[in-house]
Amino acid sequence: FHGNVYGNKKYEFFKSCSIFIFPSHFENSPVVIKEAIAAKMALICSDIEANKIILSDKCNTRFFATNDATDLANKIEEVLKNQVSLNDLMQHSAKCVIYDKRYAAEKIKKVLLGLQQ
């Protein structure tokens, strides 16, 4: 647990990890989750509403009960013990093009082309 990390250090952390753990008790729209998805990580997140809204249909997340350290530990252990499950979660993150910069660039291009007409 490193707290807030920015810039190149953050990039290096994301590049070297396969699992992202997000134990937040409150969020509105957590950007860091979208960054973890773009980095193709498996996610273990608290079951707060904001996380569930973003992640429930992605098949890349194991949710744990907020404020339940035992449930969090169990989810971590479950993912670490099963390489197939870990790979499956990571592959589902890789399929989430909604957070991919190529997808965003294509959306922007369509908007700009629409403005020219």
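A pocket is an open set of grid points with protein on both sides within 12 Å along at least five of seven lines, and its lining residues are those that have an atom within 4 Å of a point. The legends below describe close-up views of a predicted model.

**View A. The largest pocket and its lining.** The space in the largest pocket amounts to about 640 Å³. Its lining consists of 18 residues, and those nearest the centre of the pocket are His2, Gly3, Phe14, Phe20 and Ile21. Three elements each supply at least two residues of this lining: helix H1 (7–16), strand S1 (19–22) and helix H2 (31–38). The largest share, 4 residues, is contributed by S1. Sorted by class, the lining comprises 13 nonpolar residues, with 3 polar and 2 charged residues beside them.

**View B. The largest nonpolar core.** This core has 12 residues in all: Phe14, Phe20, Phe22, Ile33, Ala36, Ile37, Met41, Leu43, Cys45, Ile54, Leu55 and Cys96. Two or more of its residues come from each of S1, H2, strand S2 (42–46) and helix H3 (49–55). H2 gives the largest share of this core, 3 residues.

View C. When residues up to four places away in sequence are not counted, leucine 43 touches Phe20, Ile33, Ala36, Ile37, Leu55, Asn60, Thr61 and Arg62. The C-alpha atoms of leucine 43 and asparagine 60 are 6.1 Å apart, although 17 residues separate the two in sequence.

**View D. The surroundings of leucine 55.** With neighbours within four places in sequence left aside, its contacts are Ile33, Ile37, Leu43, Cys45, Asn60, Thr61 and Phe63.

View E. A disulfide would require the two sulfur atoms to lie within 2.5 Å. Seen from cysteine 96, the closest cysteine sulfur is that of cysteine 59, also at 8.6 Å. The structure contains 0 disulfides. Cysteine 59 has a relative accessibility of 47% and counts as partly exposed, whereas cysteine 96 is buried at 11%.

**View F. Two loop residues with positive phi.** Lysine 40 lies in the loop between H2 and S2. Its phi is positive, about 65°, although the residue is not a glycine. With a relative accessibility of 40%, lysine 40 counts as partly exposed. Asparagine 67, likewise not a glycine, has a positive phi of about 70°. This residue is placed in the loop between strand S3 (61–64) and helix H4 (69–81). Asparagine 67 counts as exposed, at 63% relative accessibility.

**View G. Alanine 65 in the loop between S3 and H4.** The loop between S3 and H4 also holds alanine 65. Its relative accessible area of 27% makes alanine 65 partly exposed. Apart from neighbours within four places in sequence, alanine 65 is in contact with Asp47 and Asp71. Isoleucine 37 lies 28 residues from alanine 65 along the chain, and the C-alpha atoms of these two residues are separated by 21 Å.

**View H. The protein as the setting of the close-ups.** The protein comprises 6 helices and 3 strands, and their order along the sequence is α-β-α-β-α-β-α-α-α. Its C-alpha atoms fill a box of roughly 55 × 30 × 25 Å along the principal axes. Of the 117 residues in the protein, 30% are buried. Among contacts with a separation of 6 or more, 41% join residues 24 or more positions apart.

Technical notes
Residues are numbered from 1 along each chain as its sequence is written. This is a predicted model: local features need pLDDT of at least 70, side-chain atom pairs count only at pLDDT 80 or more; totals for chains, interfaces and linings use all residues. Side-chain values use heavy atoms; hydrogens and water are left out. Buried means under 20% relative accessible area, exposed over 50%, partly exposed in between (1.4 Å probe, protein chains only). On a 1 Å grid over the protein atoms alone, a cavity is a set of points where a 1.4 Å probe fits but cannot get out, and a pocket is an open set with protein on both sides within 12 Å along at least five of seven lines; lining residues have an atom within 4 Å of a point. Grid points are joined across faces, edges and corners, and a volume is the space filled by probe spheres set on the points. Ala, Val, Leu, Ile, Met, Phe, Trp, Tyr, Cys and Pro count as nonpolar, Asp, Glu, Lys and Arg as charged, and the others, Gly among them, as polar. A nonpolar core is a set of buried Ala, Val, Leu, Ile, Met, Phe, Trp, Tyr and Cys residues joined through side-chain atoms within 4.5 Å. Contact means heavy atoms within 4.5 Å.
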